[in-house]
Amino acid sequence: GGRPSADVRRRLKFPFLCSGAAVGTVSALRRFIREFLAIHTKRGEYDDQAIISLILMRNRSLGFLDTGAEIFLQLHGHDEFEDLERPLCRGSYFERADPQPPGA
């Protein structure tokens, strides 16, 4: 059927990380890209998410996942109307949700 309930979606496990961004020195990113291309060439894999997951599981010195969202905020797989306090970046989103009177 239809779309899973909010409770079911909260329990879902996504198969691979969402690798939308990377940060590092040029040399570190080059090492990572070399490993990425080696796996792609050897296995013919085209799923970048799977390759990145494999790299990070094989060699932790090549990177880490920001699982605590300390560097990046990532909302892949979440429903902005059911899972968040309010819709993102609309209207007065950046104003305080509970405005304090002046001098309070």
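Guide: Start with a term. A helix here is a DSSP run of H or I with at least four residues, and helices are numbered from the N terminus. Take Ile 71: this residue lies in the segment after helix 3 (48-58). The model is predicted.

Visitor: Which elements does the chain have, and how many helices and strands?

Guide: Count the runs, then read their order. The chain has three helices and zero strands. From the N terminus on, the order is α-α-α.

Visitor: What is the mean pLDDT of the chain?

Guide: Read pLDDT as the predictor's confidence in each residue, from 0 to 100. The chain has a mean of 77, and 64% of its residues reach 70 or more. Then go element by element. Helix 1 (residues 6-11) has the lowest mean among the elements, 63, while helix 2 has the highest, 94.

Visitor: How many of the 104 residues count as buried?

Guide: Use the cut-off: buried means under 20% relative accessible area. In this chain of 104 residues, 14% pass that test. For the surface as a whole, the accessible area comes to about 8700 Å². Carbon and sulfur atoms hold 56% of that area.

Visitor: Which residues of helix 3 are buried?

Guide: Recall the geometry of a helix first. An α-helix has 3.6 residues a turn, so residues three or four places apart point the same way. Now the case. Buried in helix 3 are Gln 49, Ala 50, Ile 51, Ile 52, Ser 53, Ile 55 and Leu 56. Their cover includes helix 2.

Visitor: What caps the N-terminal end of helix 3?

Guide: Look for a side-chain oxygen by a backbone nitrogen. Asp 47 does the capping, with a side-chain oxygen 3.0 Å from the backbone nitrogen of Gln 49.

Visitor: Why does Ile 71 count as exposed?

Guide: Exposed means over 50% relative accessible area. Ile 71 stands at 52%, so this residue counts as exposed. It also belongs to a nonpolar surface patch with Val 23, Phe 64 and Phe 72. Together the four have about 450 Å² of accessible area.

Visitor: Which residues does Glu 35 touch, leaving out those up to four places away in sequence?

Guide: Glu 35 is found in helix 2. With a relative accessibility of 28%, Glu 35 is partly exposed. Beyond four places in sequence, Glu 35 touches Ile 55, Arg 58 and Leu 62.

Visitor: How many residues apart are Glu 35 and Asn 59 in sequence?

Guide: Compare sequence separation with C-alpha distance. This pair is 24 residues apart in sequence and 10.0 Å apart in space. Asn 59 sits in the segment after helix 3. Asn 59 is partly exposed because its relative accessible area is 31%.

Visitor: Where is Arg 31 placed, and how far apart in space are Arg 31 and Leu 62?

Guide: Apply the reading again. Arg 31 is in helix 2 (residues 26-43). Its relative accessibility of 42% is why Arg 31 counts as partly exposed. Leu 62 is 31 residues away in sequence, yet the C-alpha atoms of the pair are 7.4 Å apart.

Methods. Residues are numbered from 1 along each chain as its sequence is written. This is a predicted model: local features need pLDDT of at least 70, side-chain atom pairs count only at pLDDT 80 or more; totals for chains, interfaces and linings use all residues. Side-chain values use heavy atoms; hydrogens and water are left out. Helices (H or I, at least four residues) and strands (E, at least two) are DSSP runs, numbered from the N terminus. Buried means under 20% relative accessible area, exposed over 50%, partly exposed in between (1.4 Å probe, protein chains only). Patches are made of residues with over 30% relative accessible area and no salt bridge: like charges are joined within 9 Å, nonpolar side chains (Val, Leu, Ile, Met, Phe, Trp, Tyr) within 5 Å. Accessible areas come from the Shrake-Rupley method with a 1.4 Å probe; for residues, only the protein chains shown count as cover. A salt bridge is a side-chain nitrogen of Lys or Arg within 4 Å of a carboxyl oxygen of Asp or Glu. Contact means heavy atoms within 4.5 Å. A polar contact is a pair of N or O atoms within 3.5 Å; within protein, one must be able to donate a hydrogen and the other to accept it, and residues adjacent in sequence count only if both atoms are side-chain atoms.
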